[in-house]
Amino acid sequence: MSIFPRSLVLAMLAGAAVSASAQNANQPPPPPDGKRGPPQEAIDACKGKAEGAKVTFKGRRGEDVKGVCKKMREGVVAVPEGGMPPPPPDQRK
């Protein structure tokens, strides 16, 4: 293998590593309790309800969250109206 192709391969591998690292940096931080996916309260709030039903449930930080039941992998789950609430001040970038 000559020097040019070897350098090209090394540059491509380095670029792929930087790209993967940048993708991980853009991911939101995990929830405070370390669990991914909807909190149990969001699942419980929609138990026995149809998709589109409006509910209120306790968020991960104990706050009251208004939501709408939506079908997801976990079943029918409450999703916050207007999107996810912002992270607490100590977890913001």
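The model is predicted. The secondary structure of the chain comes to 2 helices and 3 strands, and from the N terminus on the elements run α-α-β-β-β. The points below cover the sheet, the disulfide, the nonpolar core, the salt bridges and the chain as a whole.

**The sheet**

- The 3 strands form an open sheet in the order β1-β2-β3, and their pairing is antiparallel.
- β1 and β3 are the edge strands; each has a single partner strand, so one side of each has no neighbour in the sheet.
- On average, neighbouring strands of this sheet are turned by 50° against each other, with direction ignored.
- In a regular strand, side chains alternate between the two faces of the sheet.

**Pairing of β1 with β2**

- The antiparallel pairing of β1 and β2 runs over 5 bridges.
- K54 has V68 of β2 as its bridge partner.
- F57 has V65 of β2 as its bridge partner.

**Pairing of β2 with β3**

- β2 and β3 also run antiparallel, and 6 bridges join them.
- These two strands form a hairpin with 2 residues between them.
- The bridge partner of M72 in β3 is G75.
- E74 lies in the loop between β2 and β3.
- E74 and G37 are 37 residues apart in sequence, while their C-alpha atoms are 8.6 Å apart in space.

**The disulfide**

- A disulfide is a covalent bond between the sulfur atoms of two cysteines.
- A search of the whole structure finds 1 disulfide.
- The bond joins C46 to C69, with an S to S distance of 2.0 Å.
- The pair links distant parts of the chain: C46 is in the loop between α2 and β1, C69 is in strand β2, and the two are 23 residues apart.
- The torsion about the S-S bond of C46 and C69 is about -95°, so the disulfide is left-handed.
- C46 has a relative accessible area of 2%, which is under the 20% limit, so C46 is buried.
- C69 is buried as well, because its relative accessible area is 1%.

**The nonpolar core**

- The largest nonpolar core has 9 residues: A42, A45, C46, V55, F57, V65, C69, V77 and A78.
- The elements that give two or more residues to this core are α2 (40–45), β1 (54–58), β2 (64–72) and β3 (75–80).
- Both cysteines of the disulfide, C46 and C69, are among the residues of this core.
- F57 and V65, which are bridge partners, also belong to this core.
- Which residues does C69 contact, leaving aside its neighbours within four places in sequence?
- C69 is in contact with C46, K49, A50, E51, G52, A53, V55, V76, V77 and A78.

**The salt bridges**

- Side chains of opposite charge can pair when their charged atoms come close.
- The structure holds 2 salt bridges.
- One of them joins E81 to K54, and the closest N and O atoms are 3.4 Å apart.
- E81 is partly exposed, because its relative accessibility is 39%.
- K54 has a relative accessible area of 64%, so K54 is exposed.
- Another salt bridge brings together the side chains of D64 and K58, at 2.9 Å from N to O.
- D64 counts as exposed because its relative accessibility is 56%.
- K58 has a relative accessibility of 43%, so K58 counts as partly exposed.

**The chain as a whole**

- Of the 93 residues of the chain, 16% count as buried.
- Among contacts between residues at least 6 apart in sequence, 29% join residues at least 24 apart.

Terms used:
Residues are numbered from 1 along each chain as its sequence is written. This is a predicted model: local features need pLDDT of at least 70, side-chain atom pairs count only at pLDDT 80 or more; totals for chains, interfaces and linings use all residues. Side-chain values use heavy atoms; hydrogens and water are left out. A nonpolar core is a set of buried Ala, Val, Leu, Ile, Met, Phe, Trp, Tyr and Cys residues joined through side-chain atoms within 4.5 Å. Buried means under 20% relative accessible area, exposed over 50%, partly exposed in between (1.4 Å probe, protein chains only). Helices (H or I, at least four residues) and strands (E, at least two) are DSSP runs, numbered from the N terminus. Contact means heavy atoms within 4.5 Å. Two strands pair if DSSP finds at least two bridges between them. Axes are lines fitted to C-alpha atoms, for helices over the stretch in contact, and angles run from 0 to 180 degrees between N-to-C directions. A disulfide is a pair of cysteine sulfur atoms within 2.5 Å. A salt bridge is a side-chain nitrogen of Lys or Arg within 4 Å of a carboxyl oxygen of Asp or Glu.
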